[in-house]
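Visitor: I have a few questions about this structure. May we go through them together?
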Amino acid sequence: MANPLYDTLFAPHEASDAPFLHLADGSSISRRAFLSTAAQMANAMVSAGIAAGDRVAVHVQKSPEALALYAACVKAGVIFLPLNIAYTPPELDYFVGDSGAALFVCDPGELSEMEPIAKAHGCKVLTLGSDGQGSFAQAAADQSEKFNAVDRTKDDLAAFLYTSGTTGRSKGAMLTQENLLSNARALVDAWQFTPDDVLLHALPIFHAHGLFVASNVSLMAGGSMIFLPKFDPDTVIATLPKATVMMGVPTFYTRLLDDPRFTRQLTAHMRLFVSGSAPLLAETHERFQARTGHRILERYGMTETSMNTSNPYDAERRAGTVGFPLPGVEVRVCAPETHTELPQGEIGVLHVRGPNVFVGYWNMPEKTREELLPDGYFITGDLARIDADGYVHIVGRGKDLIISGGYNIYPKEIELFLDDQPGVSESAVIGAPHPDFGESVVAVLVPEAGVTVDLDAIEATARRELAGFKRPRKFEIVDALPRNTMGKVQKNELRKTFEKAFSQ
Ligand code: MLC
Ligand code: AMP
């Protein structure tokens, strides 16, 4: 009788009355209270006809209750499927349909729009608001605070995280209990987490970073979290004195560095700052150290693998690198076409193998076979080099991908959208350096002959159909796209032409 994920992350602290989540208003929630809510939610799901192995899609604002819903799913053996709150109804339509979710828990404000969409897929709908209210919360409030964790094995699925792809069609990465547990264990160890740690948590909890790195590590260590609804510099600066560790995407750190209140004195008591999800510029690294005296610890991961490598806690944190493979994780640098390992020091595609690597894409056996090799290695699509000391350098991407403020944007998806717009003959979407987001989206459009493209109309449609972070921030009109002799659009040339799009 076991549920390894529940037994490790949650059960050991079920009776603890010590603060677990510290909220921005100064109040706190104990693990006992948090897990009572989770048990009530698990009962509410069962009452709604949800069984172990079903998918529960979750599109809600970050709140303690949203995290309790994750705990409830683990307890009930239900597959947790969190979705970026920025997704629009047409995007959500795809995720609910593709995953075959049995229940969609959404924000009360979007119920009228989402109910018919979910119901068309035979999916039940309940609501959970940022204030912890809604029909799901109500259903849970009437339930018992006791719920016996449903038996699971370590190989049972715990979560689906959707990740976009070069075809423009999102893929549901299937993660097992062991994927999540092995990674949390490796990170607690590598970053020396203890029950005394207070993690400043300002990340969203619908992606690997905020959920499987930040929350799982803190849960496993038995620590507590300052649980903020979003990254807001004022609140981060106000609550930092009570934290010991902070995790963030590079944009968090550049925004903090732009704030004169972020000083050596403010951060003197901190044990650790971790960065990931996007490249941290060596310049940001050095500025951070000069300002605070701390060296940010950069690590590297993916939705499909959680964390793969990390700079060391106790040894040199080398700027511009993502450190060494975590214990139990193997990496190799390979030739793109043959998948054969390259001599040490050469640049190639990074492959990863270990207990952290997902088991495949939901309902996409071919895509799974393309990216998960028979010898267990996963092709990350990132270009890397391993230096003579063993530090991994991510030097670029073999995949056409833009990372804006830590969110991934696949140009193909935006190009498919743009090509459908009136007056657009064809399009190419590229990332250009952006001072706040690292990179941001530039849309290069070729109009149909003799037509003036109505950019306002395109922007209005984009607002309805695309999540905000994916929307192009700059449109450029050209007569033709640069192509090579094979007819392939030369994005490198476009990137060069528009590299200053956001620097004026
Ligand atoms: C918000 N906006 C963005 C954006 N975030 N635009 C581009 N890129 C982003 N990342 C837009 C909104 O659509 C809106 O546009 C406007 O900015 C204001 O919205 P906001 O919500 O107030 O923005 P803000 O709070 O400033 O958000 C920025 C941010 C946030 C950096 C704090 O994006 C964030 O928390 N990022 C973290 C992403 C993350 O957790 N990634 C982990 C992935 S897991 P408009 O037009 O409506 O005004 C992974 C694996 C790994 O990658 O290794 O970790
Ligand atoms: P996602 O698919 O959202 O999980 O994003 C994973 C991608 O983010 C990786 O394949 C990398 O391209 C990128 N990434 C994550 N961490 C880092 C890092 N520290 N440095 C460079 N790129 C990173």
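Visitor: Which residues does Asn-216 touch, not counting residues up to four places away in sequence?
Guide: This is a predicted model. In it, Asn-216 touches Leu-9, Tyr-70, Leu-180, Ala-184 and Leu-211, with residues up to four places away in sequence left out.
Visitor: In which helix is Asn-216 found?
Guide: Asn-216 belongs to helix 8.
Visitor: And is Asn-216 buried or exposed?
Guide: Asn-216 has a relative accessible area of 0%. Buried means under 20%, so Asn-216 counts as buried.
Visitor: What joins the side chains of Asn-216 and Tyr-70?
Guide: The two side chains are joined by a polar contact of 2.8 Å.
Visitor: Let us turn to helix 7. How many residues does helix 7 have, and what is its reach?
Guide: Helix 7 covers residues 177-190, which is 14 residues. From its first C-alpha to its last it reaches 20 Å, close to the 20 Å expected at 1.5 Å a residue.
Visitor: Why is helix 7 described as largely enclosed by the rest of the structure?
Guide: Helix 7 is described in that way because 10 of its 14 residues are buried.
Visitor: Which residues in helix 7 are buried?
Guide: They are Gln-177, Asn-179, Leu-180, Leu-181, Ser-182, Asn-183, Ala-184, Ala-186, Leu-187 and Val-188. Leu-180 and Ala-184 are also touched by Asn-216.
Visitor: What covers the buried residues of helix 7?
Guide: The cover includes helix 1 (4-9), helix 3 (64-76) and helix 8 (208-221). Strand 7 (157-163), strand 8 (171-176) and strand 14 (306-310) are also among the covering elements.
Visitor: Which residue with a positive phi follows helix 7?
Guide: That residue is Gln-192, with phi near 55°.
Visitor: A change of topic: how many residues surround ligand 2, and which are the closest?
Guide: Ligand 2 is surrounded by 16 residues, and the closest are Arg-299, Thr-303, Asp-382, Lys-399 and Asn-408.
Visitor: How do the residues of that shell divide into nonpolar, polar and charged?
Guide: The shell around ligand 2 holds 6 nonpolar, 5 polar and 5 charged residues. Its largest share, 5 residues, comes from strand 13 (residues 297-302).
Visitor: Where does an oxygen atom of ligand 2 lie relative to Thr-303?
Guide: An oxygen atom of ligand 2 is 2.6 Å from a polar backbone atom of Thr-303. For Lys-399, a polar side-chain atom lies 2.7 Å from a ligand 2 oxygen atom, and for Asn-408 the corresponding side-chain distance is 2.8 Å. The protein covers 92% of the 500 Å² of accessible area that ligand 2 has on its own.

Terms used:
Residues numbered from 1 in each chain as written. Chains lettered and ligands numbered in written order. Predicted model: local features only at pLDDT ≥ 70, side-chain atom pairs only at ≥ 80, totals over all residues. Heavy atoms only, no water. Near = heavy atom within 4 Å. Polar contact = N/O pair within 3.5 Å; in protein donor to acceptor, adjacent residues only side chain to side chain. Areas by Shrake-Rupley, 256 points an atom, 1.4 Å probe, with all protein chains shown as cover. Helix = DSSP H or I, 4+ residues; strand = E, 2+ residues; numbered from the N terminus. Nonpolar A, V, L, I, M, F, W, Y, C, P; charged D, E, K, R; others polar. Expected span 1.5 Å × (residues − 1). Buried < 20%, exposed > 50% of the residue type's maximum accessible area, 1.4 Å probe, protein only. Contact = heavy atoms within 4.5 Å.
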